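Please look over the sequence and the structure before reading on.

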Amino acid sequence: MAETNIPDTGMADEQQYLTFIMSGEEYGVDILAVQEIRGWEEPTSIPNAPRYIRGVINLRGTIVPIMDLRMRFGLEHIEYTATTVVIILKFDGEHGERVMGIVVDAVSDVYTIADGSTRKPPELTEDDNSDFIKGLVNVNEKMVILLDVEELLSIKNQLLNVAGSVE
């Protein structure tokens with residue numbers, strides 16, 4: 001992955017984002033939240049889980065829920081291919097450290113983005129279905145949607161207790 005620098009807008013604060021592709025659009029997550037990137041493997045199903053939770057995997061003794069981000073975003077389902085990956089994300093939430101995997105079409109790049117170059121997303125709906133969009137930024141003449149990892153993975157308190165250590 002090549003690192004691309006976005007012109008500094010006078011702000012000293014910059015963050016790096018790992019970007020990935022879904023349905024032809026590019027999304028980014030704070031690289032500090034990325035624990036690892038894995039190829040697709042079929043997880044163990046969990047009964048009564050939300051439709052977008054594909055199941056769980058055992059990652060070195062930690063049970064990790066796997067979320068299909070296409071399904072979470074209401075995008076058309078596609079068959080998984082050799083480029084389909086699971087990005088394992090970790091963050092500190094109000095209930096302690098959380099780990100979750102997100103299934104995406106393909107990993108794209110790593111960008112260094114000045115905080116001042118991001119724009120707030122437009123308010124499109126009255127529900128909380130887009131609270132996980134942190135901002136938008138233009139990179140190399142394309143729009144990248146930056147995601148708030150904590151909001152994205154919180155799933156509004158659903159399934160959070162599945163993530164834990166294997167006894």
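The sections below treat the model, its overall build, its cores, its aromatic rings and some loop residues.

## Basis and confidence

This is a predicted model, in which local features need pLDDT of at least 70 and side-chain atom pairs count only at pLDDT 80 or more, while totals for chains, interfaces and linings use all residues. Residues are numbered from 1 along each chain as its sequence is written, and side-chain values use heavy atoms, with hydrogens and water left out.

The predictor's confidence in each residue is given as pLDDT, from 0 to 100. Its mean over the chain is 83, and 81% of the residues reach 70 or more. Residues 1-11 stay under 50, and the model has 27 contacts for them beyond four places in sequence; a contact means heavy atoms within 4.5 Å. Residues 157-167 are also below 50 in pLDDT, with 27 contacts beyond near neighbours in sequence. Where pLDDT is low, the predicted coordinates should not be read in detail.

## Overall build

The chain holds two helices and 12 strands. These elements are DSSP runs numbered from the N terminus, with helices (H or I) of at least four residues and strands (E) of at least two. From the N terminus on, their order is β-β-β-β-β-β-α-β-β-β-β-β-α-β. Of the contacts between residues at least 6 apart in sequence, 62% join residues at least 24 apart.

Of the 167 residues, 43% are buried. Buried means under 20% relative accessible area, exposed over 50%, and partly exposed in between, with a 1.4 Å probe and protein chains only.

## Nonpolar cores

A nonpolar core is a set of buried Ala, Val, Leu, Ile, Met, Phe, Trp, Tyr and Cys residues joined through side-chain atoms within 4.5 Å. The largest one has 27 residues, and F20, L69, I102, L147 and L153 have the most contacts inside it. Elements that each supply at least two of its residues include strand 2 (14-22), strand 3 (25-30), helix 1 (69-72) and helix 2 (149-154). Strand 7 gives the most, with four residues.

Leaving aside neighbours within four places in sequence, F20 is in contact with residues including Y27, L69, I102 and L147. Another core, of eight residues, lies apart from the largest one and has I57, V64, V86 and V99 among its members.

## Aromatic rings

The structure holds four aromatic pairs. Rings of Phe, Tyr and Trp (its six-membered ring) pair if their centres lie within 6.5 Å; planes under 30 degrees apart count as stacked, over 60 as edge-to-face and the rest as tilted. The rings of Y27 and F73 are tilted, because their planes stand at 45 degrees, with centres 5.4 Å apart. Y27 lies in strand 3 and F73 in the loop between helix 1 and strand 7, so the pair ties together parts 46 residues apart in sequence. Both Y27 and F73 are buried.

F73 and F132 form a stacked pair, because their planes are at 10 degrees, with centres 5.0 Å apart. F132, in the loop between strand 9 and strand 10, is 59 residues from F73. Ring pairs link F20, Y27, F73 and F132 into a cluster.

## Loop residues

Most residues other than glycine have a negative phi. S23, in the loop between strand 2 and strand 3, has a positive phi of about 55 degrees. S23 counts as partly exposed because its relative accessibility is 41%. N140, in the loop between strand 10 (133-139) and strand 11, also has a positive phi, near 50 degrees. At 52% relative accessibility, N140 counts as exposed.
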